[in-house]
2 protein chains.
Amino acid sequence: MEKTELKDDKNKEVEEEQVVNPWEVSAKDGGKIDYDKLIDKFGCQRLDESLIQRVQRLTNRAPHVFLRRGVFFAHRDFNDILDSYEKGEKFYLYTGRGPSSEALHLGHLIPFMFTKYLQDAFKVPLVIQLTDDEKCMWKNLSVEESQRLARENAKDIIACGFDISKTFIFSDFDYVGGAFYKNMVRVAKCVTYNKVVGIFGFTGEDHIGKVSFPPVQAVPSFPSSFPHIFGNENIRCLIPCAIDQDPYFRMTRDVAPRIGYHKPALIESSFFPALQALAFRLWRQGEAKGHRLFPARRGDFKKACHDAPPLLLRFRDCCSFVETSSSRIAIAIAAPSQV
Amino acid sequence: MEKTELKDDKNKEVEEEQVVNPWEVSAKDGGKIDYDKLIDKFGCQRLDESLIQRVQRLTNRAPHVFLRRGVFFAHRDFNDILDSYEKGEKFYLYTGRGPSSEALHLGHLIPFMFTKYLQDAFKVPLVIQLTDDEKCMWKNLSVEESQRLARENAKDIIACGFDISKTFIFSDFDYVGGAFYKNMVRVAKCVTYNKVVGIFGFTGEDHIGKVSFPPVQAVPSFPSSFPHIFGNENIRCLIPCAIDQDPYFRMTRDVAPRIGYHKPALIESSFFPALQALAFRLWRQGEAKGHRLFPARRGDFKKACHDAPPLLLRFRDCCSFVETSSSRIAIAIAAPSQV
């Protein structure tokens, strides 16, 4: 917001524009992401206090700390999901993970921890898509390596404690086909190449795997992609995700009514701040005081976070401890009830 | 060939250029397709007499009438297939059908009749792809209608009499997924959008389903797409098809060695002349003589074909009778042994 005076210098502004898409997140001047601007640009809605109170009323439990502290801060049609829930109608949850490394880091866990809460609170089915095909194509991993990472990531996801009687985790390489592939084709027919260029910024030198992937991420939003779970029910879908995934679902919401489905609703989180920056801050502060920082003590962490920017402060309240083991940093997360 | 004098008038030539691609076949001046030019343009090889004699020697039987009469007139690496067959190595056949109507017409039957001969002569496995997904996307059919047509077309294909112990017929909507989808992704990663624009002439207004389809038609060329048939064998593939499908397999042959497979070999046919034109010729001749043409007699057909252009003459020797029933025209095909 404080950069509005730069508006006259058009080129400079463009140069410094923040970039948020499914493959890149970078802030203006390397600083903070302007989330208000993102809401305006993407055209989603701010998740306000009255909506959070409505969640509390409907679920008879305290809203998740990620809601109370504004980590999930934006949505699309979340109120519609609550309306239909109030009327006794079913909905389901869909979230996912692109397996690009062996283990999930804390940022990756945010949507899963929140989805676990949503599943518990609303007692609804959940589908979790492992986009091993996407990572094979974007990260130039082999098919086999992508599948291995998907399997490793699934272990971390399972450890979040989802209701196993209501949860379906699938790898694209295994599950795409049949009803799922039919929906991919239905979506693909509704989206021109120019359209995906507008949404995702592809160029002619991008391979056609990238161009054809958006329908793969779109179709878990439609219950008919999972006939073994939903049969012929045309129920609503709610997608908890980080806001960088919004472009996929803007496309999906555009297509949905044209092929006879509800638009999926979204509930969107901000980005987890890079832990490297936090660790560096801890290290500098420790160094300044002339004592060894690592292993960090709870007090060090709390203190280091004290003057952190607002987003870090919000995360500080959800986390409680920093440990190191060789180059790894682990943060213990406080259970929602403890915060 | 007789049009070379037009070369000076560049614009006119471009305007009148013959167009042959998987979705459109139109000749210069609405006349004959110049197959020599097509061989030059596509870069495939002419199927010559010595190759036909080699087939006869290797299979111990008369080559199919479609070989002897030059209906199959071009190839890519067919000699390599024969080399490896001679060494006792295995290969398999792959052909297919895009189900755009309820019944196969005679032109559609050409590759299947020829493939049946190849299967009998070389005693090899065969996979037949029904591209119901392609027709759903190109012809704007619903998923359900495309599948229905695929099922109807499968009946006509089965009636050709393939060896059921060696033949696998599959619909893309049913079979895509698993090993097949993995190969689709492997191929897609090797092909840029600019590349498919160069090969297929897509524009920005074409939907992304078209852009993403070429890998679907490419991957039956690789035995690992059918693990239940070929296990881990990396055997060669021979594709009998009409020459308009060549662009798909030029792309496939370009990609194959990059992902560890043999380039598929091709054996390519000319196009079946439109029967409407033949029927019209019969009707006009009948009318001129003042007698009812239909039902046509064997003699009428033979006579009508007598002064037909060379390609029709070649087909005349493979067909034997014209009948009509309401608006339909059926032609009885002489068994290869009868010709």
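**Two copies, one shared surface**

The copies meet through the same surface, because 100% of the interface residues of chain B are also interface residues in chain A; contact here means heavy atoms within 4.5 Å. This is a predicted model, in which local features need pLDDT of at least 70 and side-chain atom pairs count only at pLDDT 80 or more, while totals for chains, interfaces and linings use all residues. Residues are numbered from 1 along each chain as its sequence is written, chains are lettered from A in the order in which they are written, and side-chain values use heavy atoms, with hydrogens and water left out.

**Interface**

- Chain B gives 36 residues to the contact, and chain A gives 36 residues.
- About 3,000 Å² is buried between chain B and chain A, with 64% of it on carbon and sulfur atoms; buried area is the accessible area (1.4 Å probe) that two parts lose on being put together, summed over both.
- Of the area that chain B buries against chain A, 25% comes from B:Y181, B:K189 and B:I208, more than from any other three residues.
- Two salt bridges are found across the interface of chain B and chain A (a side-chain nitrogen of Lys or Arg within 4 Å of a carboxyl oxygen of Asp or Glu).
- B:E144 and A:R186 form a salt bridge through their side chains, at 2.7 Å from N to O.

**Aromatic rings**

- Over all chains, the whole structure holds 52 aromatic pairs; rings of Phe, Tyr and Trp (its six-membered ring) pair if their centres lie within 6.5 Å, and planes under 30 degrees apart count as stacked, over 60 as edge-to-face and the rest as tilted.
- The A:F168 and A:Y175 pair is edge-to-face because the ring centres are 5.2 Å apart and the planes stand at 70°.
- A:F226 and A:F230 also make an edge-to-face pair, at 6.3 Å centre to centre and 75° between the planes.
- A:F226 counts as buried at 0% relative accessibility, and A:F230 counts as buried at 4% (buried means under 20% relative accessible area, exposed over 50%, partly exposed in between; 1.4 Å probe, protein chains only).
- Ring pairs join A:Y92, A:F168, A:F170, A:Y175, A:F180, A:F226 and A:F230 into a cluster.
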